[in-house]
Amino acid sequence: MRIIRFADNLALEPDAVVAGYWPTRDEADPRQLMKALAARGATLTMPRIEDRNAALSFRRWSEGDPLVDNRHAIREPPAEAQRVIPNLVLVPLLAFDATGHRLGYGGGYYDRTLAGLRAAGPVAAIGIAYAGQEIAAIPHEANDQRLDMVLTELGLRRFS
(Lines give C-alpha, C1' and ligand atoms only; values in the text may rest on other atoms or scores of the structure.)
Protein backbone atom coordinates (compact mmCIF):
# COMPACT_ATOMS: atom_id res chain seq x y z
CA MET A 1 0.00 0.00 0.00
CA ARG A 2 1.29 3.46 -0.82
CA ILE A 3 0.55 5.12 2.54
CA ILE A 4 4.26 5.06 3.37
CA ARG A 5 4.80 8.24 1.39
CA PHE A 6 2.63 10.12 3.89
CA ALA A 7 4.58 9.01 6.98
CA ASP A 8 6.09 12.48 7.38
CA ASN A 9 2.57 13.95 7.66
CA LEU A 10 2.19 12.22 11.01
CA ALA A 11 3.64 14.58 13.60
CA LEU A 12 5.35 12.19 15.99
CA GLU A 13 6.33 13.22 19.48
CA PRO A 14 9.88 12.21 20.48
CA ASP A 15 8.45 9.58 22.86
CA ALA A 16 5.80 8.27 20.44
CA VAL A 17 4.42 4.83 21.15
CA VAL A 18 2.59 3.61 18.04
CA ALA A 19 0.14 0.73 18.11
CA GLY A 20 -0.03 -1.00 14.77
CA TYR A 21 -1.70 -4.25 13.77
CA TRP A 22 -1.05 -7.30 11.62
CA PRO A 23 -3.55 -7.14 8.75
CA THR A 24 -6.11 -9.87 8.23
CA ARG A 25 -8.55 -10.51 5.43
CA ASP A 26 -8.53 -7.49 3.09
CA GLU A 27 -7.47 -4.91 5.69
CA ALA A 28 -5.12 -2.15 4.56
CA ASP A 29 -1.57 -3.12 5.52
CA PRO A 30 0.20 -0.71 7.94
CA ARG A 31 3.46 -2.68 8.27
CA GLN A 32 5.64 -0.51 6.00
CA LEU A 33 4.31 2.59 7.73
CA MET A 34 5.12 1.03 11.10
CA LYS A 35 8.64 0.27 9.92
CA ALA A 36 9.09 3.90 8.79
CA LEU A 37 7.78 5.25 12.11
CA ALA A 38 10.13 2.95 14.03
CA ALA A 39 13.03 4.28 11.92
CA ARG A 40 12.00 7.77 13.10
CA GLY A 41 12.28 6.65 16.74
CA ALA A 42 8.78 5.45 17.57
CA THR A 43 8.30 2.50 19.89
CA LEU A 44 6.01 -0.03 18.21
CA THR A 45 3.30 -2.05 19.87
CA MET A 46 0.76 -4.58 18.66
CA PRO A 47 -2.67 -5.31 20.14
CA ARG A 48 -3.47 -8.46 22.05
CA ILE A 49 -6.95 -9.74 22.91
CA GLU A 50 -6.94 -10.65 26.60
CA ASP A 51 -10.66 -11.15 27.15
CA ARG A 52 -13.70 -11.23 24.88
CA ASN A 53 -15.42 -8.15 26.36
CA ALA A 54 -12.34 -6.21 27.46
CA ALA A 55 -10.15 -3.56 25.88
CA LEU A 56 -7.11 -4.66 23.94
CA SER A 57 -3.75 -4.72 25.66
CA PHE A 58 -0.70 -3.51 23.78
CA ARG A 59 2.62 -5.31 23.77
CA ARG A 60 5.99 -4.00 22.64
CA TRP A 61 6.86 -5.34 19.21
CA SER A 62 9.67 -4.90 16.70
CA GLU A 63 9.95 -6.30 13.21
CA GLY A 64 10.99 -9.93 13.49
CA ASP A 65 9.55 -10.46 16.99
CA PRO A 66 7.37 -13.55 17.27
CA LEU A 67 3.61 -13.39 16.85
CA VAL A 68 1.00 -16.03 17.64
CA ASP A 69 -2.47 -16.67 16.24
CA ASN A 70 -5.32 -15.88 18.63
CA ARG A 71 -8.73 -17.60 18.58
CA HIS A 72 -9.80 -15.34 15.67
CA ALA A 73 -6.68 -16.31 13.65
CA ILE A 74 -5.33 -12.76 14.14
CA ARG A 75 -1.58 -12.43 14.65
CA GLU A 76 -0.67 -10.90 18.03
CA PRO A 77 2.31 -10.76 20.40
CA PRO A 78 2.64 -13.53 22.97
CA ALA A 79 1.41 -12.95 26.52
CA GLU A 80 4.95 -12.56 27.87
CA ALA A 81 5.74 -9.55 25.65
CA GLN A 82 6.11 -6.27 27.57
CA ARG A 83 2.92 -4.23 28.06
CA VAL A 84 3.07 -0.62 26.86
CA ILE A 85 0.52 2.19 26.47
CA PRO A 86 0.33 3.77 23.00
CA ASN A 87 -0.32 7.43 22.29
CA LEU A 88 -1.01 6.84 18.60
CA VAL A 89 -3.19 3.93 17.45
CA LEU A 90 -3.37 2.71 13.86
CA VAL A 91 -6.87 1.30 13.51
CA PRO A 92 -8.05 -1.31 10.99
CA LEU A 93 -11.51 -0.89 9.51
CA LEU A 94 -14.02 -2.10 6.96
CA ALA A 95 -15.42 1.36 6.14
CA PHE A 96 -15.28 4.97 7.29
CA ASP A 97 -17.24 8.17 6.69
CA ALA A 98 -16.46 11.88 6.40
CA THR A 99 -17.07 12.48 10.12
CA GLY A 100 -14.50 9.92 11.32
CA HIS A 101 -16.86 7.11 12.24
CA ARG A 102 -15.66 3.64 11.34
CA LEU A 103 -17.11 0.23 10.82
CA GLY A 104 -15.06 -2.65 12.20
CA TYR A 105 -15.73 -6.35 12.50
CA GLY A 106 -18.28 -5.89 15.30
CA GLY A 107 -16.35 -7.02 18.37
CA GLY A 108 -16.13 -3.54 19.89
CA TYR A 109 -12.46 -4.04 20.82
CA TYR A 110 -11.21 -0.76 19.38
CA ASP A 111 -14.15 1.24 20.76
CA ARG A 112 -13.52 -0.08 24.30
CA THR A 113 -9.78 0.38 23.90
CA LEU A 114 -9.91 3.94 22.56
CA ALA A 115 -12.42 4.96 25.24
CA GLY A 116 -10.08 3.69 27.96
CA LEU A 117 -6.97 5.24 26.44
CA ARG A 118 -8.69 8.59 25.92
CA ALA A 119 -9.95 8.62 29.51
CA ALA A 120 -6.33 8.25 30.69
CA GLY A 121 -4.77 10.88 28.43
CA PRO A 122 -4.30 12.12 24.88
CA VAL A 123 -4.20 9.50 22.16
CA ALA A 124 -4.67 9.81 18.40
CA ALA A 125 -6.64 7.20 16.46
CA ILE A 126 -5.72 6.93 12.79
CA GLY A 127 -7.74 4.65 10.55
CA ILE A 128 -5.70 2.83 7.91
CA ALA A 129 -7.80 2.27 4.81
CA TYR A 130 -8.15 2.38 1.07
CA ALA A 131 -9.88 5.49 -0.27
CA GLY A 132 -12.61 3.26 -1.74
CA GLN A 133 -13.65 2.21 1.77
CA GLU A 134 -15.25 5.60 2.43
CA ILE A 135 -19.03 5.50 2.47
CA ALA A 136 -21.64 8.23 2.90
CA ALA A 137 -22.46 7.55 6.56
CA ILE A 138 -21.70 4.98 9.24
CA PRO A 139 -24.52 4.32 11.70
CA HIS A 140 -23.12 4.93 15.19
CA GLU A 141 -24.02 4.82 18.85
CA ALA A 142 -22.85 6.92 21.80
CA ASN A 143 -20.09 4.46 22.75
CA ASP A 144 -18.58 4.32 19.23
CA GLN A 145 -15.21 6.05 19.16
CA ARG A 146 -14.43 8.37 16.25
CA LEU A 147 -11.15 8.42 14.39
CA ASP A 148 -9.01 11.55 14.58
CA MET A 149 -7.64 10.90 11.10
CA VAL A 150 -7.69 8.38 8.31
CA LEU A 151 -4.70 7.54 6.11
CA THR A 152 -5.31 6.16 2.64
CA GLU A 153 -3.26 5.89 -0.54
CA LEU A 154 -4.53 9.41 -1.34
CA GLY A 155 -3.19 11.00 1.84
CA LEU A 156 -3.92 11.91 5.45
CA ARG A 157 -7.33 13.30 6.28
CA ARG A 158 -8.08 14.94 9.62
CA PHE A 159 -11.53 15.02 11.21
CA SER A 160 -12.67 17.91 13.40
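I began just past helix α1, where G41 takes a positive phi of about 105°. I note that this is a predicted model, in which local features need pLDDT of at least 70 and side-chain atom pairs count only at pLDDT 80 or more, while totals for chains, interfaces and linings use all residues. Residues are numbered from 1 along each chain as its sequence is written, and side-chain values use heavy atoms, with hydrogens and water left out.

**Helix α1**

I took helices (H or I, at least four residues) and strands (E, at least two) as DSSP runs, numbered from the N terminus. In α1, which spans residues 31-39, I found L33, M34 and L37 buried; buried means under 20% relative accessible area, exposed over 50%, and partly exposed in between, with a 1.4 Å probe and protein chains only. Viewed down the axis of α1, its buried residues fall within an arc of 100°, so they line one face of the helix; the arc is that of the directions from the helix axis to the C-beta atoms. I then looked up what covers these buried residues, and the cover includes β1 (17-19), β2 (43-48), β6 (88-91), β9 (124-128) and β10 (149-152).

**Rings**

I found one aromatic pair in the structure, formed by W22 and W61 in an edge-to-face arrangement, with 6.3 Å centre to centre and 80° between the planes. Rings of Phe, Tyr and Trp (its six-membered ring) pair if their centres lie within 6.5 Å, and planes under 30 degrees apart count as stacked, over 60 as edge-to-face and the rest as tilted. W22 lies in the loop between β1 and α1, and W61 in the loop between β3 (57-60) and β4 (68-69), 39 residues apart. I recorded W22 as partly exposed at 26% relative accessibility, whereas W61 is buried at 7%.

R31 lies over the face of W22, at 4.3 Å from the ring centre, and the charged end of R25 sits over the ring of Y105, 4.1 Å from its centre. The criterion is that NZ of Lys or CZ of Arg is within 6 Å of the ring centre and within 35 degrees of the ring normal.

**Salt bridges**

I noted nine salt bridges in the structure, each being a side-chain nitrogen of Lys or Arg within 4 Å of a carboxyl oxygen of Asp or Glu. R48 pairs with E76, the closest N and O atoms being 3.1 Å apart; R48 is in strand β2 and E76 in strand β5 (residues 75-76), 28 residues apart, and both are buried. R59 forms a salt bridge with E50 at 2.7 Å between the closest N and O atoms, where R59 is buried at 4% and E50 is partly exposed at 35%. D148 and R118 meet in another salt bridge (3.0 Å, N to O); D148 lies in the loop between β9 and β10 and R118 in helix α2, so the pair ties together parts that are 30 residues apart in sequence. Salt bridges that share partners join R48, E50, R59 and E76 into one network.

**D111**

D111 is buried yet has no salt bridge, and the nearest side chain of opposite charge, R102, is 4.4 Å away; Lys and Arg count as positive and Asp and Glu as negative, while His and the chain ends are not counted. Leaving aside neighbours within four places in sequence, D111 is in contact with R102, N143, D144 and Q145, contact meaning heavy atoms within 4.5 Å.
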